[in-house]
Amino acid sequence: MSQSSNSKDKSSAATDSIKQAESYKTEQAAEKATSESAEEMAPEKIVVDEPPPEPDYPRYRVYPGQPISLANLDPNASEKYQKKKHVEKQLEKQRLRLKNLQERLYAEHKRSLLIVLQAMDTGGKDGTIKHVFGGLNPQGCQVWSFKKPSDEEFNHDFLWRYHQRAPQRGMISIFNRSHYEDVLVVRVKQLVAENVWRERYHLINEFEHMLSLNNIAVVKFFLHISKDEQKRRLESRIEDPDKHWKFSSNDLKERQFWDDYQAAFEDMINNCSTAYAPWYIVPANNKWYRNLVVARVIADTLEAMNPQYPPAEIGLENIVIPD
């Protein structure tokens, strides 16, 4: 072998070694960022002095590799709390924490929070938004509802319209229904082939991973109600004239697919609850308990994020406001 060939081989080996080192650095950076995101999304390990917290929300979290069955989870669960009056002070405390933490998040203007709400019809998404987030500053909080996609949305990839509504820095965004509709209703109604919706679990995980690595914390709630409770809530909408506007005959059609939706929700949660974007299955037959659990999870998540007010302008202490 010539001296020239040996020189080329050495040069090629050195180049490969540099490439491998760069690849390793990139991989390590991604793993570090993912690990940091995951730590924030287990807030009970950061902000709770003596676990378990009250309410004990970690019990409702779904951990990767530990699949759940909705049929085995009690939607009437409420721990030690028995009535609405038992949670009123606690709920007000969490609302105040949310208000203060939101102000810090908005002022810091570095990170943001995406909250996903999913449920069966009448599951309480609107009620949760009203009773948990009602005291937040509207400048720093947006609610987005996703219906049937428009022609423009339909002609893009399925995640396109959701990405546009991801929160800006300093903002809290609430998805009232979300990108998960594209593995729920499309599956139950057979609007796309099975191989299409099955592939979307991976795409959704990658989407949420990307958001978390871009300083958007993602926390997701499935509001778990029973079929009997849904029936009761539908009946109350019919009986109360002030609730007639909430009732749609389409709700009865959707109710016929109850078991299919339960299976779809189970697969959605089991495939897409990750360390960096966890699902919580919240018992939601008791609205007051649902509100308390959601409020505490979000308040603790924000506290774990620990947003800070930006530093004051230098020399502010010497400024005198003229008359």
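Tutor: Two rings of Phe, Tyr or Trp pair if their centres lie within 6.5 Å; for Trp the six-membered ring is used. Planes under 30 degrees apart count as stacked, over 60 as edge-to-face, and the rest as tilted. Note that this is a predicted model.

Student: How many aromatic pairs does that rule give?

Tutor: The rule looks at the distance between ring centres, with a limit of 6.5 Å. Applied to this model, the count of aromatic pairs is 11.

Student: Take Phe221 and Tyr280. Is the pair stacked or edge-to-face?

Tutor: The ring centres of Phe221 and Tyr280 are 5.7 Å apart. Stacking needs planes under 30 degrees apart. The planes here are at 25°, so the pair is stacked.

Student: What kind of aromatic pair do Tyr261 and Phe265 form?

Tutor: Helix α11, residues 258-272, holds both Tyr261 and Phe265, four residues apart, or about one turn. Their centre-to-centre distance is 6.5 Å, and the angle between their planes is 35°. Stacked pairs stay under 30 degrees and edge-to-face pairs go over 60. The pair of Tyr261 and Phe265 is tilted.

Student: Is Phe265 buried or exposed?

Tutor: Buried means under 20% relative accessible area. Tyr261 passes at 8%. Phe265 has a relative accessibility of 2%, so Phe265 is buried.

Student: Which residues do ring pairs link into a cluster?

Tutor: Look for aromatic rings joined through pairs. The cluster is made up of Tyr60, Tyr81, Trp288 and Tyr289.

Student: Rings can also face charges. Over which ring does the charged end of Arg200 sit?

Tutor: One case is Arg165, placed over the face of Trp144 at 4.2 Å from the ring centre. For Arg200, the distance to the ring centre is 4.5 Å. The ring under Arg200 is that of Phe158.

Student: Beyond four places in sequence, which residues is Ile115 in contact with?

Tutor: Ile115 is one of the core members that touch the most others. Neighbours within four places are left aside here. Ile115 then contacts Phe133, Ile172, Ser173, Ile174, Phe175, Val219, Phe221 and Ile298.

Student: On to the backbone. What is omega for the bond joining Glu54 and Pro55?

Tutor: Most peptide bonds are trans. The bond from Pro51 to Pro52 is cis, with omega near 0°. Pro52 lies in the loop between α2 (44-47) and β1 (61-62), and Pro55 is in the loop between α2 and β1 too. The Glu54 to Pro55 bond is also cis, with omega of about -10°.

Student: Is Gln190 buried or exposed?

Tutor: Gln190 is not a glycine, yet its phi is positive, about 55°. Its place is the loop between α7 (185-188) and α8 (194-213). Exposed means over 50%. Gln190 has 69% relative accessibility, so it counts as exposed.

Student: What is the relative accessibility of Asn306?

Tutor: Asn306 sits in the segment after α12. Asn306 has a positive phi of about 55° although it is not a glycine. Asn306 counts as partly exposed because its relative accessibility is 39%.

Notes. Residues are numbered from 1 along each chain as its sequence is written. This is a predicted model: local features need pLDDT of at least 70, side-chain atom pairs count only at pLDDT 80 or more; totals for chains, interfaces and linings use all residues. Side-chain values use heavy atoms; hydrogens and water are left out. A nonpolar core is a set of buried Ala, Val, Leu, Ile, Met, Phe, Trp, Tyr and Cys residues joined through side-chain atoms within 4.5 Å. Buried means under 20% relative accessible area, exposed over 50%, partly exposed in between (1.4 Å probe, protein chains only). Contact means heavy atoms within 4.5 Å. Helices (H or I, at least four residues) and strands (E, at least two) are DSSP runs, numbered from the N terminus. A charge sits over a ring if NZ of Lys or CZ of Arg is within 6 Å of the ring centre and within 35 degrees of the ring normal.
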